[in-house]
Structure formats: structure tokens, C-alpha cells
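Hi,

Here's the structure I promised to pass on. Have a look at it first, and then read my notes below.

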Amino acid sequence: MNQVHRYKVVTMLSAAGATIGYDPHGPEIVLAADFDRVTAERDALQQRLTAADERADGLETEVARLNRVKLALKELVEIHAGNLSVYRYYLSETLAMAEKVRDASLGMQRKYLADLIDNLHQYGAALKPAEPATDEHVCTGCGSKGWTANCKECVPY
């Protein structure tokens with residue numbers, strides 16, 4: 001049955017057998033089977049709504065975590081973006097010196113080659129990564145030192 005049928009009561013019998021009259025119309029009544037079906041449908045819909053709400057909450061938590069990771073990665077990119085221009089500078093200087101060696105006469109090549117080697121040593125020292133900080137990262141999610149792939153709060157995982 002696809003519809004709930006409603007009926008208007010005009011006259012009812014009480015449990016004691018007395019007649020109860022309603023003028024001009026009485027309360028609306030529905031069949032018990034229709035009421036049970038609609039109640040079951042409502043309960044099933046409520047369960048689906050609750051499950052969808054829980055999934056939405058989980059997704060919101062994951063979005064917040066991914067936003068934190070995105071922000072951390074953006075900060076890393078900004079920190080290292082300056083290095084790119086430094087690397088380009090050192091590379092262009094090295095290439096210019098190598099061209100000098102290539103184009104120089106045999107007598108001058110030895111001098112330019114020595115200069116190039118000295119500069120490469122200087123550039124290597126300048127580009128050497130900084131020593132890591134002595135304090136290790138402690139995750140606020142799992143409390144472990146360093147980074148772990150087992151924790152959703154650890155960055156950059």
C-alpha cells in the first residue's frame with residue numbers, strides 16, 4: 001500500500017459498549033498497518049541521516065587535517081623558494097667560469113680552472129644544508145618524537 005488512508009470518526013463504541021458521537025466530525029484515525037509502515041520508514045530514514053551526519057563529521061575532520069598539511073607544505077615551499085634563486089646564481093657563476101676555462105688559451109686555462117675549483121668549494125660550503133635543530137618534533141596527536149606514518153596528526157603524512 002503506497003498511501004496512508006485517513007478516516008473521520010463519526011460514531012465510536014467505548015470499551016463498555018456505550019456509543020460516543022462526534023459532531024460534525026471526530027478525530028482522524030489511520031490503520032495500524034499504515035502507521036507501522038510509516039513509522040518504520042521514518043526510523044530507517046533517521047538511521048540513514050545519522051550515518052550520513054557521521055560520515056560528514058569524519059570528512060570535515062579529514063579536510064581540517066589536510067588543510068593543516070597543505071599549510072605546512074606551503075610554508076616549506078616558501079622557506080625553500082629563496083634557495084632556488086641562490087642555486088641559480090651559483091649555477092650561472094659556475095657556468096660563466098667554465099666557459100672562461102674553455103675559451104682561454106692554454107696558459108690561462110690552468111689559472112681559470114683553479115679559480116673554478118676554488119669557487120665550487122665555496123659554493124658547496126654555502127649550499128650545504130643547515131644542521132637540524134637539536135629539539136625533535138613532538139607530535140600533538142600521538143605524542144611521539146619525530147614523524148610517523150601511523151598518526152593522522154603528523155605532518156607531512
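So, how many helices and strands does the protein chain have? There are two helices and four strands. If you walk along the sequence, the order is β-β-β-β-α-α.

Before you go further, keep in mind that this is a predicted model. The pLDDT averages 76 over the protein chain, and 68% of the residues score at least 70. Confidence is highest in helix 1, with a mean of 86, and lowest in strand 3 (residues 19-21), where the mean is 64.

Next, the chain as a whole. It has 157 residues, and 13% of them are buried. Its accessible surface is about 12900 Å², and carbon and sulfur atoms account for 59% of that. I also looked at contacts between residues at least 6 apart in sequence: 35% of these join residues at least 24 apart.

Which residues make the nonpolar surface patch of about 290 Å²? They are V4, V30, F35 and V38. Is V38 buried, partly exposed or exposed? Its relative accessibility is 35%, so V38 counts as partly exposed; the cut-offs are under 20% for buried and over 50% for exposed.

Cheers

Note on methods: Residues numbered from 1 in each chain as written. Predicted model: local features only at pLDDT ≥ 70, side-chain atom pairs only at ≥ 80, totals over all residues. Heavy atoms only, no water. Patch = residues over 30% accessible without salt bridge, like charges linked within 9 Å, V, L, I, M, F, W, Y side chains within 5 Å. Areas by Shrake-Rupley, 256 points an atom, 1.4 Å probe, with all protein chains shown as cover. Salt bridge = Lys/Arg side-chain N within 4 Å of Asp/Glu carboxyl O. Buried < 20%, exposed > 50% of the residue type's maximum accessible area, 1.4 Å probe, protein only. Contact = heavy atoms within 4.5 Å. pLDDT = per-residue confidence, 0-100.
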